[in-house]
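Work through the exercises below with the sequence and the model side by side. Try each task before you read its solution.

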Amino acid sequence: MNAIETYCLKAHKSIDNYEAKVFTEQRGLTQQDIKKYIIGYSHEDDIIDYLYKKGFKQNELVDYGILIKTKYGYWHPFKDRIIFPITDTNKKIVGITARSIKQGDNVKYIHTTNTKYFCKGKVLYLEHLLDPKDKRIFVSEGPMDAIAINKRGHNAFATFGTGFSKAQLQKIKDYSKEYEINVLFDNDEPGKQAALRLLKEMAKIACKINYVYLPDNVKDIDEYLEKYDMEHLQSVNGRTFFIENYFQNIFEQETYHDAYMEFIKQCKFIETIKDKRIKRGFYIKLSKLNGLSVEEYKTLIDLRSEINNKRTAVPV
């Protein structure tokens, strides 16, 4: 086993630590869950000493992102945190996402830094547990959300927060050819904005995707599932949700100039959409919002393109 696998398995054996036990019980994680997802706890620095005793060198721990070299020495980023191993589609542990359980710690999650062995942007949490018989995939932010869904028998991936990479987007697009994709980010403003960004990117590449609504009285899917079950989830076509919300930015600007510039930005975005039916749907929504016809929009865009071409033209 390499250093990251040895680290995670050792942390898994330390999950009975009192503080870790309090966290797992409060979050409704059973012993079966802990075993299935290899959840662990990294207590103090004794786990680093264990790796040294196993024959791993300091430079190896740096190479795997377990230690980070600073000008003050070596930093152990996962110390006193719940450990969620990141496993690739070959079922090999390749990285770590670690959650704080200490009060006053402002950084909720820390992930393995990008190394020669690991790139966070190329993996999706729990992707290795995909069940091909279940034709739905729920895409969430964090590991606890994905676990909450997966333990109830559904496919669930996590993007490790509100950001996502081109590689993750491509994976989601590829899965959308065979699976129904449902975006289920946190019910706060950052979560909603991240969902809009994801839906925007998916629209560009003509990827079918749904947006899942959460009621106002819950902050995320983990909390939702403490009160309700999966069958009560309400979802809409992601395109519908995106159109209804994204273009409101035009009418929230303070000046006419800002509104116009926002309008041009939105129109430029529409022109990047490859699917003609989706593109027309966006224009129809804009038409309903401010009264311009689809044809008038296209005329405006063609006119602006012509002006831009003249500006950038090189004199002969």
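**Exercise 1.** Are tyrosine 125 and phenylalanine 160 buried or exposed?

*Solution.* Begin with what is being examined: this is a predicted model, in which local features need pLDDT of at least 70 and side-chain atom pairs count only at pLDDT 80 or more, while totals for chains, interfaces and linings use all residues. Residues are numbered from 1 along each chain as its sequence is written, and side-chain values use heavy atoms, with hydrogens and water left out. Next, apply the cut-offs, by which buried means under 20% relative accessible area, exposed over 50%, and partly exposed in between (1.4 Å probe, protein chains only). By this rule tyrosine 125 is buried, and phenylalanine 160 is buried too.

**Exercise 2.** Describe how the rings of tyrosine 125 and phenylalanine 160 are arranged, and then turn to tyrosine 175 and tyrosine 179.

*Solution.* A pair of aromatic rings is described by the distance of the centres and the angle of the planes. Rings of Phe, Tyr and Trp (its six-membered ring) pair if their centres lie within 6.5 Å, and planes under 30 degrees apart count as stacked, over 60 as edge-to-face and the rest as tilted. The count by this rule is seven aromatic pairs. In one of them, tyrosine 125 and phenylalanine 160 lie edge-to-face, with 6.3 Å from centre to centre and 70° between the planes. Tyrosine 125 belongs to the loop between S6 and strand S7 (136–140), and phenylalanine 160 to the loop between strand S8 (155–158) and helix H7 (166–176), so the pair ties together parts that are 35 residues apart in sequence. Helices (H or I, at least four residues) and strands (E, at least two) are DSSP runs, numbered from the N terminus.

Tyrosine 175 and tyrosine 179 also form an edge-to-face pair, at 6.1 Å centre to centre and 70° between the planes. Tyrosine 175 counts as buried because its relative accessibility is 16%, and tyrosine 179 is buried at 7%.

**Exercise 3.** Which lysine lies over the face of tyrosine 179?

*Solution.* A charge sits over a ring if NZ of Lys or CZ of Arg is within 6 Å of the ring centre and within 35 degrees of the ring normal. Lysine 135 lies over the face of tyrosine 179, at 4.8 Å from the ring centre. The charged end of lysine 10 sits over the ring of tyrosine 50, 4.7 Å from its centre.

**Exercise 4.** How many salt bridges are there, and which parts of the chain does the pair of lysine 102 and glutamate 19 link?

*Solution.* A salt bridge is a side-chain nitrogen of Lys or Arg within 4 Å of a carboxyl oxygen of Asp or Glu, and the count by this rule is ten. Among them is the bridge between lysine 102 and glutamate 19, with N to O at 3.1 Å. This pair links distant parts of the chain, 83 residues apart, since lysine 102 is in the loop between strand S5 (93–100) and strand S6 (109–111) and glutamate 19 is in helix H2 (residues 18–26). Lysine 102 is partly exposed at 34% relative accessibility, as is glutamate 19 at 33%.
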